[in-house]
Amino acid sequence: MELEMPGDWIKMRTDLYRDPKVIMIADELMCEDGRLASYISAMTRRDSNVTSNVMRNVTVGALVTLWGVTRND
């Protein structure tokens, strides 16, 4: 017997943070002259010091949130 999944199911995997697209997004967010770094520096009055692994996990969390908001009900 095979279980059916809802049509809006997003396949999550434990290694999603290693996906090349996630890495590319995280790298772009960490760019020193990017908007995120500028915002953090302006709001905290200090430089951003976030590791690439942390930013990848933040990116995955943000994508899951975005997918949840944009899914079709």
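**Figure 1. Order of the elements in the predicted model.** From the N terminus on, the elements of the protein run α-α-α. There are three helices and zero strands, where helices (H or I, at least four residues) and strands (E, at least two) are DSSP runs numbered from the N terminus. Residues are numbered from 1 along each chain as its sequence is written.

**Figure 2. Confidence of the prediction.** The protein averages a pLDDT (the predictor's confidence in each residue, from 0 to 100) of 76, and 75% of the residues score at least 70. Among the elements, helix α2, residues 35-44, has the lowest mean pLDDT, 75, whereas α1 has the highest, 87. Where pLDDT is low, the predicted coordinates should not be read in detail.

**Figure 3. Packing of helices α1 and α3.** Helix α1 (residues 20-30) packs against helix α3 (residues 52-70) at an angle of about 110°, and their axes are 9 Å apart. Axes are lines fitted to C-alpha atoms, for helices over the stretch in contact, and angles run from 0 to 180 degrees between N-to-C directions. The two helices are therefore roughly perpendicular to each other (65 to 115 degrees). The contact (heavy atoms within 4.5 Å) is made by V22, I23, I25, A26, L29 and M30 of α1 and by S52, M55, R56, T59, V60 and L63 of α3. By class, this contact of α1 with α3 has nine nonpolar residues, two polar and one charged; Ala, Val, Leu, Ile, Met, Phe, Trp, Tyr, Cys and Pro count as nonpolar, Asp, Glu, Lys and Arg as charged, and the others, Gly among them, as polar.

Figure 4. T59 is found in helix α3. With a relative accessibility of 2%, T59 counts as buried (under 20% relative accessible area, 1.4 Å probe, protein chains only). Not counting residues up to four places away in sequence, T59 touches V22, I25, A26 and L29. In the protein as a whole, buried residues make up 15% of the 73 residues.

Figure 5. V58 and Y17 lie 41 residues apart in sequence and 9.1 Å apart in space, C-alpha to C-alpha. Among contacts between residues at least 6 apart in sequence, 63% join residues at least 24 apart.

Notes. Predicted model: local features only at pLDDT ≥ 70, side-chain atom pairs only at ≥ 80, totals over all residues. Heavy atoms only, no water. Parallel < 35°, antiparallel > 145°, perpendicular 65-115°, else oblique. Buried < 20%, exposed > 50% of the residue type's maximum accessible area, 1.4 Å probe, protein only.
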